[in-house]
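Here is a briefing on one protein model, arranged by topic. Look over the sequence and structure first, then read the points below.

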Amino acid sequence: PGGMSEAAVFSFYATKNLTCGEGGAIATNDDEMANRLETLRLHGVDTYAKDQHRENVYRHWDMTTLGYKCNMHDLSAGLLLSQLPGIETRRRQRMELAERYDDLLSDLDSITLPETLPKSTHGHHLYTIRLNPKHRDHLLTELSRKGVGVGVNFRTVHLMEYYRKRFGYQRGAFPKAELIGDSTISLPLYPSLQENEQEYVAKTLRGVLADVTTKTA
């Protein structure tokens, strides 16, 4: 990631492989963009506090452009830096859990499992299955009722209220994105997930799917 474009955005949200709860980072190979982003992230000022006393000369700061309050504080950065040595270990833990889900669910014809592209390394940030959109919301509700923490990653962006009202998008504009958005369910996946918990997820999913199949047969 970050090697196929001028810039890439990374998230440090709580569910990510490297996390400080919130926030993120932008990686870029463009010096001009990097300088611009550094200015924009803290109100558009041209001098950070650490530079105001450089060489024992006080430097006034100035606001050269209209920026944002998007800088990361030192506590969050400290949390992230301390996790870097173990990031590959956690990725492998996630990979093993994802492979175990594959084994537990591979015989279910009614769902599509996630794939890893050849010659690539998957981060396994999520384990997202796909199924018939007609049954998706029912499964979300039933799995939640049975204590399985499921989610949808992600809903179709252009059908969100803002984009519909602002740009007039309607269903049918991007059918493939809509199919994915209507059919996905993310199952619990995190490094400390236990085997018995994973087995409960698979067993519960099977039960709910069987109930749906029986009712619609």
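A salt bridge is a side-chain nitrogen of Lys or Arg within 4 Å of a carboxyl oxygen of Asp or Glu. The model is predicted, with local features needing pLDDT of at least 70 and side-chain atom pairs counting only at pLDDT 80 or more, while totals for chains, interfaces and linings use all residues. Residues are numbered from 1 along each chain as its sequence is written, and side-chain values use heavy atoms, with hydrogens and water left out.

**Salt bridges**

- Ten salt bridges are present in the structure.
- Side chains of opposite charge can pair when their charged atoms come close.
- Glu178 and Arg171 form a salt bridge, with 4.0 Å between the closest N and O atoms.
- Glu178 is buried at a relative accessible area of 5%, whereas Arg171 is exposed at 53%; buried means under 20% relative accessible area, exposed over 50%, and partly exposed in between (1.4 Å probe, protein chains only).
- Another salt bridge pairs the side chains of Arg100 and Glu195, at 3.7 Å from N to O.
- Arg100 belongs to helix 3 and Glu195 to helix 7, so this pair links distant parts of the chain, 95 residues apart; helices (H or I, at least four residues) and strands (E, at least two) are DSSP runs, numbered from the N terminus.
- Arg206 and Asp107 also form a salt bridge, their closest N and O atoms being 2.4 Å apart.
- Because Arg206 lies in helix 7 and Asp107 in the loop between helix 3 and strand 3 (111-112), the pair ties together parts that are 99 residues apart in sequence.
- Both partners count as partly exposed: Arg206 has 30% relative accessibility, and Asp107 has 47%.

**Nonpolar core**

- The largest nonpolar core has 25 residues; such a core is a set of buried Ala, Val, Leu, Ile, Met, Phe, Trp, Tyr and Cys residues joined through side-chain atoms within 4.5 Å.
- Leu105, Ile111, Tyr127, Leu187 and Leu205 have the most contacts inside this core.
- Two or more residues of the core come from each of helix 3, strand 4 (127-131), helix 4 (133-145), strand 5 (184-187) and helix 7 (195-216).
- Helix 7 gives the most, with six residues.
- Leu105 touches Ile111, Leu113, Tyr127, Leu187, Ala202, Leu205 and Arg206, leaving aside residues up to four places away in sequence; contact means heavy atoms within 4.5 Å.

**Helix 2**

- Ser76, Leu80 and Gln83 are the buried residues of helix 2 (residues 74-83).
- An α-helix has 3.6 residues a turn, so residues three or four places apart point the same way.
- The buried residues of helix 2 pack against helix 3 (87-105).
- Asp74, Leu75, Leu81 and Ser82 are exposed on the other side of helix 2.
- Leu81 has a relative accessible area of 57%, and its C-alpha atom is separated by 9.8 Å from that of Thr19, 62 residues apart along the chain.

**Helix 6 and strand 5**

- Glu178, Gly181 and Ser183 are buried in helix 6 (residues 175-183).
- Strand 4, helix 4 and strand 5 are among the elements that cover the buried residues of helix 6.
- Thr184, in strand 5, is buried at 2% relative accessibility.
- Residues that Thr184 touches include Thr128, Arg136, Asn153 and Phe154, not counting those up to four places away in sequence.

**Backbone geometry**

- Most residues other than glycine have a negative phi, and most peptide bonds are trans.
- Asn153 and Phe154 are joined by a cis peptide bond, with omega about 10°.
- Phe154 is in the loop between helix 4 and helix 5.
- His43 has a positive phi, near 65°, and lies in the loop between helix 1 (31-40) and helix 2.
- His124 has a positive phi near 50°; this residue is in the loop between strand 3 and strand 4 and is buried, with a relative accessible area of 10%.
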